[in-house]
Amino acid sequence: MYSIRKVSSTVYRELLFQGYTASRLSGMKPSNSRSAIRASKWNKIILSITYSGILALMSVISYIIGRPYSSSLESFVWSFFMVTISSLNLSFATQQSSYIKDLLLTLSVNEGDFSRIATLSFFMTMDFPVYSAIVVTAIISLLFGGFPYPFMGSIQGIAIGIATSSVFVIVGSKGSSRPRLRSIFRAISILPLMIVVMFSSFIMEISPSSMNHALSFLPVTSTFFAGEGIIYSVVTLIYTAMFIALAVLLFFRASGFILSTQEIYISLRRKAARSFNIRGSISALLRVDMVQSFRSRIAGIWALPFGYLIAAIASAFSNGPYISSNTFMFIVSYPLILGIMLSFLPYALYLSEIRGAIVFRILPISPIRNLLSKEAITVIAYYAAEVPMMALLLFYRANIHSLVPLLLGFGPLFASTAFMAIFFEKTVKEGGALSTLYTIVYGIVTLIIDAIPLGSFIILYIVMHSYIYPSLVMLIISLAEAAIMMMPLAKK
Amino acid sequence: MVKGVLEVTKLTVRYAERIAVNELSFSVKGGEIYGLLGPNGAGKSSTIKSVLGLVKYTGEINILEMGPPSSRVMNSIGVVMETPALLEALTPREFFEFAGSVRGSFDQKRVEALVDAFELTEYMDMPTASLSAGNKQKVAVVSAMMHRPKLLLLDEPFNALDVKSVRIMKGLIQKHVDEGGAVLFSTHIMEVAEKICTRIGIINAGKIMAEGTLQEIEEQANAGNLEDAFLKTIHADEQIKSLLEGL
């Protein structure tokens with residue numbers, strides 16, 4: 001007789017390993033599997049400890065500065081991220097996990113137990129983050145007393161996080177006869193992630209006394225008002241219960257997909273026989289990058305810049321006078337946040353296909369040529385989101401000079417994409433495991449690469465009170481950074 | 001005839017603590033099929049990955065007298081990996097277009113002939129991800145051969161192929177060497193190696209244990225066929241005997 005918990009634990013480890021391998025930059029199997037298994041197990045624990053620490057700190061600060069209601073959103077955002085990030089790899093793993101079902105069935109595991117194993121192993125990908133978020137926020141709520149803002153925010157964040165992760169798994173696993181529709185659906189599925197990112201940027205603007213009370217009856221925002229009366233508390237509790245129900249429903253639905261990936265069959269429009277379309281090398285690379293990213297499970301990445309644009313426009317319209325009196329902050333923060341969001345694009349493009357890296361190695365594609373294609377795509381995405389923003393600024397009759405930072409703001413993104421190429425080449429060459437430490441180093445260096453030109457812009461703006469020269473300096477520094485990073489790539 | 005198409009000298013590949021390839025040296029000349037034979041985990045795939053620059057190595061690799069693996073050299077190489085290296089979101093047609101575009105040369109007639117030969121026509125507009133293992137392997141084979149490369153690197157190329165496709169591929173390999181091309185061919189199937197390889201290197205635990213023509217290998221091991229010679233060379237013959245007796 002087998003133990004469902006033990007089998008689930010084994011399946012969970014396999015899922016973790018497969019997801020980890022599939023989500024690696026190179027898409028190649030790690031040469032040091034033992035270290036990869038260790039890294040994939042530690043990732044969840046390190047992530048939980050780090051995020052719980054941030055969550056605790058931010059919640060406590062909210063209480064100390066006399067804004068306990070802010071702690072609900074802090075807890076919501078960080079709990080959400082803990083759950084979604086830890087289970088994100090699972091959507092990659094589902095691509096290659098159907099063999100696990102075949103294996104278990106040959107070992108006489110019946111269908112009923114199989115379903116329990118799938119559910120339990122799915123939960124194991126997020127158990128530690130869920131427990132740590134609940135424990136940390138419960139302790140803070142008890143310590144400070146009053147309405148348990150952090151605890152309620154965390155429960156809602158966990159529920160929405162589980163629902164989002166489940167949607168990722170379902171969308172990533174489900175086959176479709178309409179590939180375009182599937183790509184669009186995948187793009188939309190990333191919206192909850194984006195909305196939470198958007199929420200996090202408004203934390204410091206929360207003030208129930210000055211906010212429209214209609215918000216007290218909306219999901220998530222109702223929690224800000226929960227301490228102001230029994231009716232608001234009840235509304236918050238009802239929404240929390242609804243979120244939990246949604247999470248449970250989607251969780252069990254997704255569990256069915258975890259170990260039984262449907263066969264993907266896409267019937268594309270048949271082209272006339274014998275027609276081949278040969279392009280220039282860069283244009284062929286560009287096309288393949290676009291096609292791969294749209295057809296793969298990372299299609300949602302394309303929703304990021306455009307979704308953020310919509311959020312920024314909505315924010316600008318709801319704070320009409322704000323944009324005209326604080327144009328500078330708005331202009332500085334917009335390319336910065338957009339740049340950070342778009343820095344996921346080259347990362348996603350590089351990992352968009354399993355074993356893709358090997359194909360790029362066995363064809364005559366130099367790292368520089370490969371990079372140029374990624375640079376072109378990120379710059380196109382940047383301008384696609386920036387141009388409407390510039391139109392918005394013109395609509396608000398902003399100083400025409402204030403458009404210059406937006407126009408030249410692609411520089412930091414250009415430089416960080418070049419760094420991404422180095423990181424990618426190194427990962428492939430080393431054949432090493434993408435450890436948490438490796439990813440943290442990547443994140444820190446990318447931040448430094450972005451911060452140097454953007455910091456120079458801000459300092460020069462304060463000194464010169466001009467948009468043009470600081471923007472030019474920002475661009476020159478970024479291009480110099482990119483050139484430095486292209487040097488080792490050119491040698492290959 | 002092209003000489004010294006591939007020169008490998010003192011090649012060493014390490015994965016953490018483990019040495020996968022240990023100071024391996026061999027060369028493949030034009031008009032030659034060099035068979036790298038070895039048991040599972042002997043270092044065959046690691047050797048081929050080194051030649052492609054996919055893994056970190058020490059030692060020297062000289063391809064077509066153009067130096068170590070680089071994107072420039074890849075234009076003259078055709079590769080079939082043990083697991084087909086394809087972009088699975090693309091259709092075979094899109095993949096061939098992509099390969100032709102980045103190589104800067106595309107012989108449509110040859111691609112059409114290869115597609116016909118491997119009976120891929122009806123799958124040309126289906127995503128590679130939805131193809132069977134055999135058809136994926138065929139796509140990889142067409143992509144490796146469509147630009148008439150000078151060097152073919154074949155790592156277990158007959159994996160998942162049907163009998164007809166294997167025969168066609170053997171014929172294509174033979175035609176390739178008859179025209180002066182070179183082949184580095186890795187396999188653990190002795191019958192295949194026996195029939196098509198010009199020279200053979202038996203590799204075990206990352207080291208070359210024996211090298212020569214089929215006849216020389218058999219003579220060195222004092223064996224009547226390649227399988228016996230192989231097992232004797234890697235000292236597995238006596239082990240197998242006692243294992244079978246114990247079963």
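## Helix packing and an open sheet in a predicted model

In chain B of this predicted model, the axes of helix α7 (residues 214–221) and helix α8 (residues 226–233) come within 9 Å and cross at roughly 50°. Angles of 65 to 115 degrees count as roughly perpendicular and those under 35 degrees as roughly parallel, and α7(B) and α8(B) are therefore oblique to each other. The crossing in which α7(B) passes α8(B) is left-handed. On the side of α7(B), the contact is made by B:Leu214, B:Ile217, B:Glu218 and B:Ala221, and on the side of α8(B) by B:Leu226, B:Ala229, B:Lys232 and B:Thr233. Sorted by class, the residues of this contact are five nonpolar, one polar and two charged.

### The sheet of chain B

Chain B also holds an open sheet of six strands, whose order is β5-β6-β7-β3-β8-β9 and whose pairing is mixed. At the edges lie β5 (77–80) and β9 of chain B, each of which pairs on one side only, and from one strand to the next the twist averages 15°. Strand β6 (residues 151–155) of chain B and strand β7 (residues 182–187) of chain B pair in the parallel sense over five bridges, and B:Leu151 has B:Ala182 as its bridge partner in β7(B).

Two helices of chain B pack on this sheet. Helix α1 (residues 44–51) of chain B touches β3 (33–37), β6, β7 and β8 of chain B, and its direction makes about 145° with that of β6(B). Helix α5 (residues 163–178) of chain B touches β3, β6 and β7 of chain B, and its direction makes about 145° with that of β7(B).

The other pair is formed by strand β8 (residues 199–204) of chain B and strand β9 (residues 207–212) of chain B, which run in the antiparallel sense over five bridges. Here B:Ile200 has B:Gly212 as its bridge partner in β9(B). Two residues stand between the strands of this hairpin of β8(B) and β9(B), where B:Ala205 takes a positive phi near 50°.

### Helix pairs of chain A

| α5(A) (residues 111–124) and α11(A) (residues 230–258) | about 105° | 8 Å | seven nonpolar, two polar, no charged |

With an angle of about 105°, α5(A) is roughly perpendicular to α11(A). Their contact is made by A:Ala118, A:Thr119, A:Phe122 and A:Phe123 of α5(A), together with A:Phe251, A:Phe252, A:Ala254, A:Ser255 and A:Ile258 of α11(A).

From α18(A) the contact takes A:Pro367, A:Ile368, A:Leu371 and A:Glu375, and from α22(A) it takes A:Met486, A:Leu489 and A:Ala490.

### Confidence along chain A

The mean pLDDT of chain A is 76, and 65% of its residues reach 70 or more. Among the elements of chain A, helix α6 (residues 127–144) has the highest mean pLDDT (93), whereas helix α14 (residues 320–325) has the lowest (48).

Notes. Residues numbered from 1 in each chain as written. Chains lettered and ligands numbered in written order. Predicted model: local features only at pLDDT ≥ 70, side-chain atom pairs only at ≥ 80, totals over all residues. Heavy atoms only, no water. Axes fitted to C-alpha atoms, helices over the stretch in contact; angles between N-to-C directions. Helix = DSSP H or I, 4+ residues; strand = E, 2+ residues; numbered from the N terminus. Parallel < 35°, antiparallel > 145°, perpendicular 65-115°, else oblique. Contact = heavy atoms within 4.5 Å. Nonpolar A, V, L, I, M, F, W, Y, C, P; charged D, E, K, R; others polar. pLDDT = per-residue confidence, 0-100. Pairing = 2+ DSSP bridges. Left-handed = near helix turned anticlockwise from the far one by under 90°.
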